[in-house]
Amino acid sequence: MDHQRLNEIIDNHDAEASSLIQVLLDIQKEDHWLSQEALHTVSDRLGVPQSRIQHIATFYKAFSLVPKGRHQVHICVGTACHVRGAPRILNTVEDLTGISAGETDLELKFSLETVNCLGCCALGPVMEIDGTTHGKLSAGSTADVLQTYE
């Protein structure tokens, strides 16, 4: 993210220290991660110590301090999805993307995570990409879904 855009995000929140989490969320949403440069700028502009920002950025799972892919893939591995074939779906995604859970591909196209429940057990096995839920998956339908994301 360029410095000008970063300052616009901070200005949108009136450069108030009380809006720290929202500022970080906005940066994360746009850039898919929080760079050290961005964190330093936020610290300077909001007057919040770098150590406090680092603590918040590492505490909340919504934030990432490493680059993430344009598409966030979440595979449910909860009990209902597991017994309906989630391990097969996870293996298919890993094979097609070349990454394992917790990783991002080199092109920054996909980041893959496993989650314990997405709250739609009747649709299992379930994969969520960028907030869109895809259920009742097979290995073939998983490949078809992934191909729709560029």
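This is a predicted model: local features need pLDDT of at least 70, side-chain atom pairs count only at pLDDT 80 or more; totals for chains, interfaces and linings use all residues.
Local features need pLDDT of at least 70 and side-chain atom pairs count only at pLDDT 80 or more, while totals for chains, interfaces and linings use all residues. Residues are numbered from 1 along each chain as its sequence is written, and side-chain values use heavy atoms, with hydrogens and water left out.

The protein chain has 7 helices and 4 strands. Helices (H or I, at least four residues) and strands (E, at least two) are DSSP runs, numbered from the N terminus. Read from that end, the order of elements is α-α-α-α-β-α-α-β-β-β-α. Along the principal axes, the C-alpha atoms fill a box of roughly 50 × 30 × 25 Å. Of the 150 residues, 41% are buried, where buried means under 20% relative accessible area, exposed over 50%, and partly exposed in between (1.4 Å probe, protein chains only).

The 4 strands make an open sheet with mixed pairing, in the order 2-1-3-4; two strands pair if DSSP finds at least two bridges between them. Strand 2 (110-115) and strand 4 (132-134) are at the edges with a single partner strand each, so one side of each has no neighbour in the sheet.

Strand 1 (71-76) runs parallel to strand 2, joined by 6 bridges; here histidine 71 has phenylalanine 110 as its bridge partner. Strand 1 and strand 3 are antiparallel, with 3 bridges, and isoleucine 75 stands opposite methionine 127 of strand 3. Strand 3 (residues 127-129) is in turn antiparallel to strand 4, again through 3 bridges. On that side methionine 127 faces histidine 134 in strand 4.

Two helices lie against these strands. Helix 6 (residues 86-97) lies across strand 1, strand 2 and strand 3, at about 155° to strand 1. Helix 7 (residues 139-147) packs on the sheet and touches strand 2, strand 3 and strand 4, its direction making about 5° with that of strand 3. Contact means heavy atoms within 4.5 Å; axes are lines fitted to C-alpha atoms, for helices over the stretch in contact, and angles run from 0 to 180 degrees between N-to-C directions.

Elsewhere, tyrosine 60 sits in the loop between helix 4 (50-59) and strand 1. Tyrosine 60 is partly exposed, at 37% relative accessible area.
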